Amino acid sequence: MEFGILGPVQVYDESTGRGVVPPGAKQRALLGALVVKAGQVVPVERLVDELWDEHPPANAANALQAHVARLRRLLPPPATGGPPHEWLVTRPLGYALRPGRIDTDARRFHRMVAEGRALAGADPGLAADALRAAMALWRGPALEGGGRGAICAAEASLLEESRLVALEALYDACLRADRCDGITGELEELTTAHPLRERFYDLLMAALHRCGRRAEAIGVYDRARRRLLRDLGVEPGPILRERVEAVLDHREPGPGPWPSGRATTVFPAAATAAFPAAAAAGAAAAAGSRAGPDGEAAEPGEVGEAGEAGEVGALREEVVRLNSRLEQLSRDQRELLGRLERLSARRTALR
């Protein structure tokens with residue numbers, strides 16, 4: 001048996017060969033939260049918030065107990081001949097899912113990604129195959145249909161970022177294995193679905209360059225630059241600029257890795273909405289002499305008010321400081337995801 005959260009929440013019963021999906025949204029949210037917190041007691045109050053948010057029923061504890069009872073009936077019994085096992089247990093403060101030796105597809109995904117990454121240096125082709133096998137575990141958006149409570153929403157966000165990072169590793173391995181022809185279409189779709197994620201543009205440009213499609217690679221850079229300027233008011237980061245320079249100079253494209261410690265230099269939408277002038281000033285400062293006349297970000301000080309020059313300078317300094325902080329946070333996030341994958345693989349190996 002396996003608990004599945006890489007898509008609609010389900011329980012995969014190996015004895016029948018089918019996935020069991022809880023019929024109601026509340027039961028799916030309940031199962032999703034308990035799987036995310038497997039082995040831990042989840043307090044009744046947190047589960048009530050997860051299922052009903054700010055609008056709980058009059059007797060929320062009883063309503064939750066009814067959903068727990070339905071979920072218990074839905075969970076398959078232990079395998080024939082195995083020891084008796086109660087999956088969902090009641091504790092004084094709440095409920096806990098006891099998975100025992102039962103795996104989740106999310107843990108299996110992290111383990112397979114870690115194995116694929118470990119193969120990348122010695123055998124990128126084998127690494128690409130392993131990473132594709134890991135991606136095949138996804139059946140849709142993480143915890144789909146499980147509601148948007150705090151537990152499921154936070155886990156879904158982390159899993160989605162893990163998926164995107166794994167995709168980056170997959171296409172990097174494909175480039176190292178000289179499989180550029182088969183990935184350009186997939187990367188085109190990813191740049192459309194995630195238009196502010198510079199790494200996908202970089203990988204697509206590298207793949208097109210390797211296939212001899214230089215003009216298309218330059219077109220991808222122009223598209224990325226226009227989108228970043230329009231949505232965030234910033235120029236592409238140094239990695240994309242280095243990539244387009246290699247294409248323009250007819251240099252042999254490298255394997256396409258995203259160097260450790262280097263991150264995409266994009267501002268979150270929330271930050272640019274709060275500080276639009278600062279974002280524009282930061283874009284102009286970052287572009288320097290490289291920005292063309294058709295793509296320069298507007299300078300707040302160009303409105304003709306001499307008294308605003310000092311304010312513009314201060315805004316530029318603030319943008320540089322915030323950008324540095326964002327890059328550090330992005331590096332920290334990637335490091336933590338790597339540690340999570342390694343720990344997941346280690347825990348699985350010890351079972």
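**Figure 1. Asp53 in the loop between helices H2 and H3.** In this predicted model, Asp53 sits in the loop that joins helix H2 (44-52) to helix H3 (60-74). The phi angle of Asp53 is near 55°. That is a positive value, and Asp53 is a residue other than glycine. Is Asp53 buried or exposed? Asp53 has a relative accessible area of 54%, and because exposed means over 50%, Asp53 counts as exposed.

**Figure 2. Leu143 in the loop between helices H5 and H6.** Leu143 belongs to the loop between helix H5 (124-135) and helix H6 (150-176). Phi of Leu143 is near 55°, again a positive value in a residue other than glycine. The relative accessible area of Leu143 is 1%. Buried means under 20%, so Leu143 is buried.

**Figure 3. The sheet of strands E4, E6 and E5.** This open sheet has 3 strands in the order E4-E6-E5, and the pairing is antiparallel. Strand E4 (41-43) and E5 are the edge strands, each pairing on one side only. From one strand to the next, the twist averages 30°. In a regular strand, side chains alternate between the two faces of the sheet.

**Figure 4. The hairpin of E5 and E6.** Strand E5 (residues 88-91) is paired with strand E6 (residues 94-97) in the antiparallel sense, over 4 bridges. How many residues lie between E5 and E6 in their hairpin? There are 2 residues between them.

**Figure 5. Helices H2 and H3 against the strands.** H2 lies across E4 and E6. The direction of H2 is at about 70° to E4. H3 lies across E5 and E6, and runs at about 150° to E5. The loop between H2 and H3 is the one that holds Asp53.

**Figure 6. The sheet of strands E3, E2, E1 and E7.** This open sheet has 4 strands, in the order E3-E2-E1-E7, with mixed pairing. Its edge strands are strand E3 (18-20) and strand E7 (103-104), and each of these pairs on one side only. Strand E2 (residues 10-13) and E3 run antiparallel and are joined by 3 bridges. Which residue of E3 is the bridge partner of Asp13? The partner is Arg18.

**Figure 7. The packing of helices H5 and H6.** The axes of H5 and H6 are 8 Å apart, and the two helices pack at an angle of about 150°. Angles over 145 degrees count as roughly antiparallel, so H5 is roughly antiparallel to H6. The crossing of H5 and H6 is left-handed. On the H5 side, the contact is made by Pro124, Ala127, Ala128, Leu131, Arg132 and Met135. The residues of H6 in this contact include Arg163, Ala166, Leu167, Leu170, Tyr171, Cys174 and Arg176. By class, the contact of H5 with H6 has 12 nonpolar, no polar and 3 charged residues. The loop between H5 and H6 contains Leu143.

**Figure 8. The packing of helices H7 and H8.** Helix H7 (residues 184-193) and helix H8 (residues 198-210) have axes that come within 9 Å of each other. The axes cross at roughly 155°. Are H7 and H8 roughly parallel or roughly antiparallel to each other? They are roughly antiparallel, because the angle is over 145 degrees. The crossing of H7 and H8 is left-handed. H7 contributes Thr184, Leu187, Glu188, Leu190 and Thr191 to the contact. These meet Phe200, Tyr201, Leu203, Leu204, Ala207 and Leu208 in H8. The residues of the contact between H7 and H8 divide into 8 nonpolar, 2 polar and 1 charged.

**Figure 9. The whole protein chain.** The secondary structure of the chain comes to 13 helices and 7 strands. The chain has 351 residues, and 46% of them are buried. Leu143 is one of the buried residues, whereas Asp53 is exposed. Contacts between residues at least 6 apart in sequence can also be sorted by their separation. Among these contacts, 65% join residues at least 24 apart.

Notes
Residues are numbered from 1 along each chain as its sequence is written. This is a predicted model: local features need pLDDT of at least 70, side-chain atom pairs count only at pLDDT 80 or more; totals for chains, interfaces and linings use all residues. Side-chain values use heavy atoms; hydrogens and water are left out. Axes are lines fitted to C-alpha atoms, for helices over the stretch in contact, and angles run from 0 to 180 degrees between N-to-C directions. Angles under 35 degrees count as roughly parallel, over 145 as roughly antiparallel, 65 to 115 as roughly perpendicular and the rest as oblique. A crossing is left-handed if the near helix is turned anticlockwise from the far one by less than a right angle, and right-handed if clockwise. Contact means heavy atoms within 4.5 Å. Ala, Val, Leu, Ile, Met, Phe, Trp, Tyr, Cys and Pro count as nonpolar, Asp, Glu, Lys and Arg as charged, and the others, Gly among them, as polar. Buried means under 20% relative accessible area, exposed over 50%, partly exposed in between (1.4 Å probe, protein chains only). Two strands pair if DSSP finds at least two bridges between them.
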